[in-house]
Amino acid sequence: KLRLAVLTSGGDSAGMNAVVRAIVKTAILKGCETYVVREGYEGLVRGNSEAVSVASPPREHNHHQRKESLLVEGDADSFVHNLRFGDGELLRDGTSDHPAGRTLKGRYIVRVGWDDVRGWFTSGGTLIGTARSVAFRTYEGRLTAAHNLIKEGIDAIAVCGGDGSLTGADVFRAEWPKLVAELASTSRITEEQHKAHAHLRIVGLVGSIDNDMSMTDLTIGAPTALHRICEAIDNIDSTASSHSRAFVLEVMGRHCGWLALLAGVSGGADFIFIPERPPEADPWEDEMCRNIQRHREIGKRKTIVIVAEGAHDKHLTPIRADYVKEVLSERLGLDTRVTTLGHTQRGGRPCAFDRILPTLQGVEAVDALLEATPDTPSYMIGIAENKITRVPLMEAVKMTNEVTQAIKDKDFDKAMSLRDPEFRE
Ligand code: F6P
């Protein structure tokens, strides 16, 4: 029976809970034992060594119905309850005095069952927690993580995160034979355990609002973030029109302009700044002002400019929302305000597609793990032309890094065509 664990890592995104739900349910249906790792890779490193059992024993009727779920020794609902309310304290110092929080104190790799992920579609963020783990970046940290997984008998992990998290997954898998050999030679695991865990199966799912991963059309969480921005533009529109004002909106996306570009298209923006395609004109201020002036002359009462947080000019000098505001106010005399949408773009209830995509990809991820052999690469589950795909994880990460490099090299045509092979001038 394959023992399969799922974790979420890096910045949270809407749809991560749907990933966990889909993987847990599919894996159970396919005969696996299922686990979640709390707090991303940090939880792998911490493992269950500090475990203390303080919860009450399961109630009779629950015990029978929920034999798949050994995760908390207490009430069925306390798992979700615990994750929602006990989690932060647990990670900080392990001394949560929340009654439900205590049940998972010191336990990061937790057995879960069918009911534990019930209703997880509608929650934003990630209920099993995420963290940017410093420890997992070190060899020692990964050695401890491997030991913790073997102690729990886990053979397969599904990681949902961005490119950094997926790179971490691949490094871990490549290093695995060395890690287990060292654990065996130092007698931390038995020869039997060494044999049984000679290989680790890993699969990646891309959870990121940025939609910055190559070899997939869409990342989990990007549609919801786009909806949020679109709604924000709609809200700003009416007040902008009322006062005949200009608004400069800064949106997230790191090195990727997808959110800014698509929000600009769906919100009818007047000008958009994205990292992959800086303005043609140099300096760009004249080009922007000419465009906006023209729009005003044909009767527009409002101006919306979208600035991706990673935007810059052709020389890679960052373009900041405050500076754009200054230009609009001083050159065009527009009454201008800046709105930075920040983390409102990332949190909150997933839209329908951020429930559908993780569900379809979760099923594929479990199949990929079940079919994995020592010779198959670690796969990333993607979507291309509306079909769920499996692509070699490292190829996707490599291509994603090439885009960032092309931007650094000021080869913007290359950056655009790597993002979108169909791109034409
Ligand atoms: O990668 C997701 C993202 O939201 C980016 O768009 C943004 O640059 C970054 O994470 C913000 O990170 P943090 O939440 O750590 O401030």
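In this predicted model, Leu 218 is in contact with Asn 211, Pro 223, Trp 258, Phe 353, Leu 357 and Ile 383, once its neighbours within four places in sequence are left aside. Leu 218 has its place in the loop between strand S5 (201-206) and helix H9 (222-243). With a relative accessible area of 17%, Leu 218 counts as buried because that value is under 20%. The C-alpha atom of Leu 218 is separated by 9.3 Å from that of Ser 208, and these two residues are 10 residues apart along the chain.

Ser 13 belongs to the loop between strand S1 and helix H1, and its relative accessible area of 0% makes it buried.

Attention now turns to charge. Side chains of opposite charge can pair when their charged atoms come close. In this model the count of salt bridges comes to 19. One of them joins the side chains of Arg 346 and Asp 12, with an N to O distance of 3.2 Å. Arg 346 sits in the loop between strand S9 (336-340) and helix H13 (353-371), while Asp 12 sits in the loop between strand S1 (3-8) and helix H1 (16-29), so this pair ties together parts that are 334 residues apart in sequence. Arg 346 is buried, its relative accessible area being 18%.

A second salt bridge links Lys 300 with Asp 270, whose closest N and O atoms are 2.9 Å apart. Here Lys 300 is found in the loop between helix H11 (285-297) and strand S8 (303-308), and Asp 270 in the loop between helix H10 (258-267) and strand S7 (271-273), so the parts tied together are 30 residues apart in sequence. The two partners can be looked at one by one: Lys 300 is partly exposed at a relative accessible area of 27%, whereas Asp 270 is buried at 7%.

A further salt bridge is formed by the side chains of Lys 314 and Glu 280, at 3.9 Å from N to O. Lys 314 lies in the loop between S8 and helix H12 (321-332) and Glu 280 in the loop between S7 and H11, so the pair connects parts that are 34 residues apart in sequence. Lys 314 is partly exposed, with a relative accessible area of 30%, and Glu 280 is exposed, with one of 52%. This pair is part of a network in which salt bridges with shared partners join Arg 277, Glu 280, Lys 314 and Asp 413.

The surface also carries patches. Asp 217, Glu 385, Asp 420 and Glu 422 gather there in a patch of negative charge. Of these, Glu 385 is located in the loop between strand S10 (379-384) and strand S11 (387-392). Its relative accessibility of 71% is over 50%, so Glu 385 counts as exposed. A patch of another kind, nonpolar and about 240 Å² in area, is made by Leu 261, Leu 262 and Val 265. Leu 261 lies in helix H10 and, at 33% relative accessibility, counts as partly exposed.

Methods:
Residues are numbered from 1 along each chain as its sequence is written. This is a predicted model: local features need pLDDT of at least 70, side-chain atom pairs count only at pLDDT 80 or more; totals for chains, interfaces and linings use all residues. Side-chain values use heavy atoms; hydrogens and water are left out. Helices (H or I, at least four residues) and strands (E, at least two) are DSSP runs, numbered from the N terminus. Buried means under 20% relative accessible area, exposed over 50%, partly exposed in between (1.4 Å probe, protein chains only). Contact means heavy atoms within 4.5 Å. Patches are made of residues with over 30% relative accessible area and no salt bridge: like charges are joined within 9 Å, nonpolar side chains (Val, Leu, Ile, Met, Phe, Trp, Tyr) within 5 Å. Accessible areas come from the Shrake-Rupley method with a 1.4 Å probe; for residues, only the protein chains shown count as cover. A salt bridge is a side-chain nitrogen of Lys or Arg within 4 Å of a carboxyl oxygen of Asp or Glu. Lys and Arg count as positive and Asp and Glu as negative; His and the chain ends are not counted. The place of a charge is taken as NZ of Lys, CZ of Arg, CG of Asp or CD of Glu.
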